Amino acid sequence: MHSESKIDPKIIEEVLKFSKNVIDAPKLVSAPDEISLEVTPHDTVHELDKTRLLRYRPLTEKQHKTPLLISYALINRYHILDIQPEKSWVRNLLQQGFDVYMLDWGTPTSMDKYLDFDDYVNGYLDSAVEYIKNESSNEKISLQGYCTGATISTAYTALHPESVKNYIATAPVIDGWRDTTVISNLAKHMDVEKMVETIGNMPPEFMYYCFSVLKPFEQGIEKYVKFFKNIDNKKFVDNFLRVEKWLGDTPPIPGELFKQWIKDIYQENLLIQNKMYVGGEHIDLKKINMPTFTQIAVGDHLVSPECSMPLHYAIGSEDKTLRMYPTGHVGMIASSLSQKKVLPELGKWLSERS
């Protein structure tokens, strides 16, 4: 005798439900342009070329005296730090009584292809810092850099330590040779001179390619399977669409800046060796002598912990903190862990020094 092979009814039910969700998706899901990402009220207080300095409106009566400027990454937009109220990095800091500013790098065009590190460090970032100092009547501000924005902020802080009271480096790109990510491996083998000469600015399509090869399955099939399985979960769908809209909105990177980035940070690894020059000025990490907080995500697939950690040991500050969190690159700044652990720790550290 042989037993008949039976298909588990639960599997059939799952398949039918999944198929129904795929069909119902267009009726249940908003189009990307209907999703609003800017949830925390703010004002544009200063502009230079295509960059904007945003100031978020306070959410508390009492505020810390030292303002905080966030230098966001060059890839994608600052919206991930304000993706939705309950996961907003910005809103949490406002609720802790901080005066929060954000530097929006804008969208470079072909005429901006010659902008370089000097323009971003000693031009745009310096202009924003000087505006905040004048506006708040402070001689120094607190500065946070995220990802590639932390590399720019690190260079700035080393060159202008007199303007920075506290420095926060969140997943900073620092030691290119220790970076084990796909992006780093791609960068080390690029003929970047030829690329920039041929293309000019690095287009968004190139960035999408880099992201897709990082985690091809997670960035491709898997996330959509998960999406269709959760189509009835309004909160899940809303969060998914916000992140997708953020991922789909990345500006080009000026050609000259991109070239310097690949050569100086990844190929020759000049920053961590104290051999990097910006605008003819030598960057010495020992000159970062103010309180410094380095935040690292253990599961970061964009900037590996080994790439970020050397900053903590290279700077001259005696008041320095290194924290590692069991999450990923985005999870460190836009998740429940971020709200429950990362931000309270940062707020406590910052308030003690503000």
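At what angle do helix H6 (residues 192-199) and helix H10 (residues 255-267) pack? Their angle is about 170°, and their axes lie 10 Å apart. The model is predicted, so local features need pLDDT of at least 70 and side-chain atom pairs count only at pLDDT 80 or more, while totals for chains, interfaces and linings use all residues. Residues are numbered from 1 along each chain as its sequence is written, and side-chain values use heavy atoms, with hydrogens and water left out. Helices (H or I, at least four residues) and strands (E, at least two) are DSSP runs numbered from the N terminus.

**Packing of H6 and H10**

- Axes are lines fitted to C-alpha atoms, for helices over the stretch in contact, and angles between N-to-C directions run from 0 to 180 degrees.
- The angle makes H6 roughly antiparallel to H10 (under 35 degrees counts as roughly parallel, over 145 as roughly antiparallel, 65 to 115 as roughly perpendicular, and the rest as oblique).
- H6 contributes Val192, Glu193, Met195 and Val196 to the contact, and H10 contributes Gly255, Glu256, Phe258, Lys259, Ile262 and Lys263; contact means heavy atoms within 4.5 Å.
- Five nonpolar, one polar and four charged residues make up this contact of H6 with H10; Ala, Val, Leu, Ile, Met, Phe, Trp, Tyr, Cys and Pro count as nonpolar, Asp, Glu, Lys and Arg as charged, and the others, Gly among them, as polar.
- A network of salt bridges links Glu193, Glu256, Lys259 and Lys263.

**Strand pairing**

- Strand E1 (residues 42-48) pairs with strand E2 (residues 51-56) in the antiparallel sense over six bridges; two strands pair if DSSP finds at least two bridges between them.
- Glu47 has Arg52 of E2 as its bridge partner.
- Two residues lie between the strands in the hairpin of E1 and E2, where Asp49 takes a positive phi near 55°.
- E2 also runs antiparallel to strand E4 (residues 100-104), to which four bridges join it.
- The bridge partner of Leu53 in E4 is Leu103.

**Salt bridges**

- The count comes to 14 salt bridges, each being a side-chain nitrogen of Lys or Arg within 4 Å of a carboxyl oxygen of Asp or Glu.
- Arg57 and Asp43 meet through their side chains at 2.8 Å, N to O. This pair links distant parts of the chain, with Arg57 in the loop between E2 and E3 and Asp43 in strand E1, 14 residues apart.
- Arg57 is partly exposed at a relative accessible area of 43%, and Asp43 is partly exposed at 34%; buried means under 20% relative accessible area, exposed over 50%, and partly exposed in between (1.4 Å probe, protein chains only).
- Arg55 forms a salt bridge with Asp99, with 2.9 Å between the closest N and O atoms. Arg55 belongs to strand E2 and Asp99 to the loop between H2 and E4, 44 residues apart.
- Arg55 is partly exposed at 28%, whereas Asp99 is buried at 6%.
- Glu130 and Lys133 form a salt bridge with their closest N and O atoms 3.0 Å apart. Both lie in helix H3 (residues 117-136), three residues apart, about one turn of the helix.
- Glu130 is partly exposed at 29%, whereas Lys133 is buried at 14%.

**Arg77**

- Arg77 sits in the loop between strand E3 (68-71) and helix H2 (89-95).
- Arg77 counts as buried because its relative accessibility is 14%.
- Arg77 and Thr107 are separated by 30 residues in sequence and by 9.8 Å in space, C-alpha to C-alpha.
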